[in-house]
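Here's a quick briefing to read alongside the coordinates. Have the viewer open, and we'll go from the overall fold down to single residues.

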Amino acid sequence: MPRLIVVSNRVADIHSSNAASSGGLALAMGGALKEEGGVWLGWSGKAIDKGDSPPHFETVGKVTVARIDLSRRHVEEYYNGYANRTLWPLFHHRTDLTAYEQSFRDAYLDVNRTFAHAIRSFVQPDDVIWVQDYHLIPLGRELRALGVDNRIGFFLHIPWPAMELFISLPQHADLVWSLFGYDLVGFQTEKDLKAFCDYFETELDAQPDEDGLMDLFGRRLLARSYPISINPAEMVELGRSEKAQESFRRVCEGNAGRKILLGVDRIDYSKGLPHKFAAFSRFLERFPERRGTASLLQIGQPSRSLVEEYQDLGDELVAEAGRINGRFGKLDWTPLAYHTQSYGRDALAGIYRAADVCLVTPLRDGMNLVAKEFVAAQDPEDPGVLILSRFAGAAEQLTEAILVNPYDKEQCAETIAQAIDMPLPERIERWRALNATISRSSLSAWKDDFMRDLRALKDQRNEAASGVFS
Ligand code: F6P
């Protein structure tokens with residue numbers, strides 16, 4: 001039986017599907033592998049004094065996890081460096097935060113080679129390999145150079161940048177060329193796919209055909225969009241758990257008689273948290289009669305805390321929450337509760353359900369699964385309202401949310417008031433449409449669509465895979 005080998009920078013704890021802090025990717029891949037079974041290779045999260053380790057394996061049910069420990073230098077220059085100080089800010093259009101260091105790029109390529117050697121040590125001829133995200137873009141090419149000619153797909157969980165910004169990356173052509181090590185490259189949205197195609201049109205005067213196939217560099221690549229989703233039934237199930245009931249009760253009791261506005265984000269500058277706080281503050285300023293009638297509960301999951309920009313953002317948010325509470329708070333009302341903790345997904349299910357309004361307002365985001373989880377967790381008889389940034393990938397599908405421009409403080413402040421006042425029939429109508437979209441495009445459907453396309457490429461596979469890249 002051909003196996004699925006999933007490769008991502010981080011692997012989730014396979015003993016639990018409850019960790020919320022590891023981000024959408026780990027969550028999604030854990031879910032996909034649980035269904036299909038297979039091998040999941042990734043970094044263990046450990047930094048060691050020696051060089052990168054060979055993978056150590058652990059099997060739970062149908063899933064074998066292979067973890068690689070990385071050297072301290074690689075963690076610093078590959079993960080904190082090229083992945084999170086070069087590609088992440090650039091792909092999120094923060095060229096002001098993007099660092100271009102040759103040592104970062106060298107470490108990035110080194111780690112991709114480490115991963116390639118690890119895979120080659122256990123891959124079998126019929127295995128299908130599915131590589132995830134920006135940490136591992138060159139992995140396909142490295143595998144081809146080692147003679148691995150299995151079918152290999154790649155999925156980018158974050159947005160693909162606009163062409164004008166992408167070409168500021170030194171060696172951008174090499175990064176794009178390395179993608180041709182894959183047979184199939186998937187993006188979150190049609191917009192990302194278009195941005196990717198713009199690059200070929202402008203820089204190489206090339207374009208994919210109407211099926212998304214591109215013949216370049218002696219290789220054939222299929223590029224398509226596959227919007228990632230969640231398993232809505234799982235969210236509903238989690239909502240029945242004891243933890244969910246408890247968190248629901250505690251949030252409701254702590255905010256009795258008040259509307260609950262909710263935010264759940266990793267503490268990341270792409271999530272637009274200072275903008276969200278500013279919009280909430282503006283809401284309180286513009287509508288003084290509403291002070292004391294609503295509170296914002298913002299959960300900020302700590303993330304990448306060794307990167308300076310993330311530390312600065314963390315400090316800024318604590319200070320800003322303090323300013324808002326200092327300015328507007330009353331003896332019996334704290335306007336903004338900012339919790340820098342990670343809650344399990346079961347507890348989150350209850351928190352989502354307790355909320356009247358969820359603010360998902362990133363400045364730029366690949367998809368944003370919080371938006372989808374919030375919808376899935378709602379009470380169909382009395383659902384909450386989703387305010388969604390038009391710059392989240394999810395906005396391409398979730399068009400019945402209230403879409404906002406997170407940079408527009410006035411619009412966001414007004415939208416908060418509109419969401420709080422929304423009559424029940426409109427809430428139900430919007431929620432039904434959103435929920436129908438989410439149910440149609442579940443996590444299983446996402447995985448199945450991608451795997452079907454990757455497997456269907458069988459007959460037109462690239463020949464002489466290693467030749468071009470060796
Ligand atoms: O969803 C994008 C992503 O970078 C994933 O690749 C990652 O798992 C998640 O965000 C959290 O980031 P990190 O693994 O750096 O904590």
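How many helices and strands are there in the protein chain? There are 17 helices and 15 strands. With a radius of gyration of 22 Å, close to the 23 Å from the globule rule for 470 residues, the chain is as compact as a globular protein of that length. Keep in mind that this is a predicted model.

**Overall shape and packing**

- Along its principal axes, the C-alpha trace spans about 70 × 50 × 45 Å.
- Buried residues make up 49% of the 470 in the chain.
- Take the contacts between residues at least 6 apart in sequence: 77% of them link residues at least 24 apart.

**The nonpolar core**

- The largest nonpolar core holds 140 residues, and the members touching the most others are V7, V357, C358, A371, L386, I387 and L388.
- Helix α2, covering residues 72-91, gives the most to this core, with nine residues.

**Helix α13**

- Helix α13 runs over residues 369-376 and is mostly covered, with eight of its eight residues buried.

**Positive phi away from glycine**

- Q171 isn't a glycine, yet its phi is positive, at about 60°.
- You'll find Q171 in the loop between α5 (163-166) and α6 (172-179).
- Is Q171 buried, exposed or partly exposed? It has 13 other C-beta atoms within 10 Å, so Q171 counts as partly exposed.
- F217 is another non-glycine with a positive phi, in this case about 55°.
- The loop holding F217 lies between β8 (213-216) and β9 (219-225).
- F217 has 17 other C-beta atoms within 10 Å, and because a residue needs 20 or more to be buried, F217 is classed as partly exposed.

Technical notes: Residues are numbered from 1 along each chain as its sequence is written. This is a predicted model: local features need pLDDT of at least 70, side-chain atom pairs count only at pLDDT 80 or more; totals for chains, interfaces and linings use all residues. Helices (H or I, at least four residues) and strands (E, at least two) are DSSP runs, numbered from the N terminus. A residue is buried if 20 or more other C-beta atoms lie within 10 Å of its own, exposed if 12 or fewer, and partly exposed in between; C-beta atoms are placed from the backbone. The radius of gyration is taken over C-alpha atoms; the globule rule is 2.2 Å times the number of residues to the power 0.38. Two residues are in contact if their C-beta atoms, placed from the backbone, lie within 7 Å. A nonpolar core is a set of buried Ala, Val, Leu, Ile, Met, Phe, Trp, Tyr and Cys residues joined through C-beta atoms within 7 Å.
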